[in-house]
Amino acid sequence: MVITDANPPYHIKHANSAWSRLTGFSAAFVKAKTMKILQGPATSKEEIGELMAAVEKRERFSTVLRNYTSARQPIRNHLE
(Lines give C-alpha, C1' and ligand atoms only; values in the text may rest on other atoms or scores of the structure.)
Protein backbone atom coordinates (compact mmCIF):
# COMPACT_ATOMS: atom_id res chain seq x y z
CA MET A 1 0.00 0.00 0.00
CA VAL A 2 1.12 3.50 -0.78
CA ILE A 3 -0.38 6.80 0.37
CA THR A 4 0.06 10.02 -1.61
CA ASP A 5 -0.79 13.68 -1.12
CA ALA A 6 -4.40 14.48 -1.97
CA ASN A 7 -3.32 17.19 -4.42
CA PRO A 8 -1.18 17.19 -7.57
CA PRO A 9 1.49 16.16 -8.18
CA TYR A 10 0.50 13.47 -5.61
CA HIS A 11 3.82 13.02 -3.86
CA ILE A 12 4.22 9.76 -1.97
CA LYS A 13 3.80 10.21 1.80
CA HIS A 14 4.05 6.57 2.91
CA ALA A 15 4.84 3.18 1.41
CA ASN A 16 4.44 0.05 3.51
CA SER A 17 6.85 -2.87 3.59
CA ALA A 18 4.71 -5.07 1.30
CA TRP A 19 4.76 -2.36 -1.39
CA SER A 20 8.52 -1.99 -0.96
CA ARG A 21 9.04 -5.76 -1.33
CA LEU A 22 6.87 -5.85 -4.46
CA THR A 23 8.47 -2.85 -6.18
CA GLY A 24 12.01 -2.97 -4.82
CA PHE A 25 11.80 0.72 -3.84
CA SER A 26 12.40 1.53 -0.18
CA ALA A 27 9.94 3.74 1.67
CA ALA A 28 12.73 6.25 2.32
CA PHE A 29 13.65 6.40 -1.38
CA VAL A 30 10.11 7.03 -2.64
CA LYS A 31 9.08 9.60 -0.04
CA ALA A 32 8.24 12.87 -1.85
CA LYS A 33 8.51 11.19 -5.27
CA THR A 34 5.47 10.44 -7.45
CA MET A 35 4.09 7.15 -8.71
CA LYS A 36 5.70 7.92 -12.07
CA ILE A 37 8.74 6.03 -10.76
CA LEU A 38 6.79 2.83 -11.53
CA GLN A 39 5.98 3.74 -15.12
CA GLY A 40 7.84 2.36 -18.11
CA PRO A 41 7.51 1.65 -21.82
CA ALA A 42 4.45 -0.61 -21.54
CA THR A 43 2.57 1.50 -18.98
CA SER A 44 -0.64 2.65 -20.66
CA LYS A 45 -0.66 6.45 -20.97
CA GLU A 46 -4.39 6.20 -21.75
CA GLU A 47 -5.09 4.36 -18.49
CA ILE A 48 -2.94 6.85 -16.56
CA GLY A 49 -4.97 9.69 -18.09
CA GLU A 50 -8.25 8.04 -17.12
CA LEU A 51 -6.96 7.41 -13.61
CA MET A 52 -5.87 11.02 -13.17
CA ALA A 53 -9.22 12.32 -14.49
CA ALA A 54 -11.10 10.11 -12.01
CA VAL A 55 -8.87 11.23 -9.12
CA GLU A 56 -9.42 14.89 -9.99
CA LYS A 57 -13.20 14.34 -10.11
CA ARG A 58 -13.01 12.19 -6.95
CA GLU A 59 -14.70 9.34 -8.82
CA ARG A 60 -14.22 5.64 -8.26
CA PHE A 61 -11.87 4.03 -10.79
CA SER A 62 -10.40 0.57 -11.17
CA THR A 63 -7.70 -0.61 -13.54
CA VAL A 64 -4.72 -2.90 -13.87
CA LEU A 65 -1.55 -1.14 -15.00
CA ARG A 66 1.69 -2.59 -16.22
CA ASN A 67 4.29 -0.97 -14.00
CA TYR A 68 7.93 -1.71 -13.27
CA THR A 69 10.02 -2.58 -10.25
CA SER A 70 13.19 -0.73 -9.31
CA ALA A 71 15.06 -3.38 -11.36
CA ARG A 72 12.77 -2.49 -14.32
CA GLN A 73 11.00 -5.86 -14.24
CA PRO A 74 7.33 -5.64 -15.30
CA ILE A 75 4.61 -6.06 -12.68
CA ARG A 76 0.84 -5.80 -12.82
CA ASN A 77 -0.54 -3.12 -10.51
CA HIS A 78 -4.23 -3.42 -9.60
CA LEU A 79 -5.60 -0.01 -8.60
CA GLU A 80 -8.88 0.61 -6.80
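Which residue forms a salt bridge with Lys-13, and how far apart are the closest N and O atoms? The partner is Asp-5, and the closest N and O atoms are 3.5 Å apart; a salt bridge here is a side-chain nitrogen of Lys or Arg within 4 Å of a carboxyl oxygen of Asp or Glu. This is a predicted model, in which local features need pLDDT of at least 70 and side-chain atom pairs count only at pLDDT 80 or more, while totals for chains, interfaces and linings use all residues. Residues are numbered from 1 along each chain as its sequence is written, and side-chain values use heavy atoms, with hydrogens and water left out.

**Overall architecture**

- The protein holds three helices and four strands, arranged from the N terminus as β-β-α-α-α-β-β; helices (H or I, at least four residues) and strands (E, at least two) are DSSP runs numbered from the N terminus.
- The radius of gyration is 12 Å, close to the 12 Å that the globule rule gives for 80 residues, so the protein is as compact as a globular protein of that length. This radius is taken over C-alpha atoms, and the globule rule is 2.2 Å times the number of residues to the power 0.38.
- The C-alpha trace spans about 30 × 25 × 15 Å along its principal axes.
- The protein exposes about 5,400 Å², of which carbon and sulfur atoms supply 55%; accessible areas come from the Shrake-Rupley method with a 1.4 Å probe, and for residues only the protein chains shown count as cover.

**Burial and the nonpolar core**

- Of the 80 residues, 30% count as buried; buried means under 20% relative accessible area, exposed over 50%, and partly exposed in between (1.4 Å probe, protein chains only).
- The largest nonpolar core has seven residues: Ile-12, Ala-15, Trp-19, Phe-25, Val-30, Ile-37 and Leu-38. Such a core is a set of buried Ala, Val, Leu, Ile, Met, Phe, Trp, Tyr and Cys residues joined through side-chain atoms within 4.5 Å.
- Ile-37 is in contact (heavy atoms within 4.5 Å) with Trp-19, Phe-25, Val-30 and Arg-72, leaving aside neighbours within four places in sequence.

**Ile-75 in strand 4**

- Ile-75 belongs to strand 4 (residues 74-79) and is buried, with a relative accessible area of 14%.
- Not counting residues up to four places away in sequence, Ile-75 touches Leu-22, Thr-23, Leu-65, Arg-66, Asn-67, Tyr-68 and Thr-69.
- Ile-75 and Leu-22 are 53 residues apart in sequence, yet 8.5 Å apart in space, C-alpha to C-alpha.

**Salt bridges**

- The structure holds two salt bridges. In the pair that opened this briefing, Lys-13 is partly exposed at 49% relative accessible area, and Asp-5 is partly exposed at 23%.
- Glu-80 forms a salt bridge with Arg-60, with the closest N and O atoms 3.6 Å apart. This pair links distant parts of the chain, 20 residues apart: Glu-80 is in the segment after strand 4, and Arg-60 is in the loop between helix 3 (45-57) and strand 3 (63-68).
- Both Glu-80 and Arg-60 are exposed.

**Backbone features**

- Most residues other than glycine have a negative phi, and most peptide bonds are trans.
- A cis peptide bond joins Pro-8 and Pro-9, with omega about 10 degrees; Pro-9 is found in the loop between strand 1 (2-4) and strand 2 (12-15).
- Tyr-10, in the loop between strand 1 and strand 2, has a positive phi of about 60 degrees although it is not a glycine. Tyr-10 counts as buried at 12% relative accessibility.
- Ala-32 has a positive phi near 75 degrees and is found in the loop between helix 2 (27-30) and helix 3.
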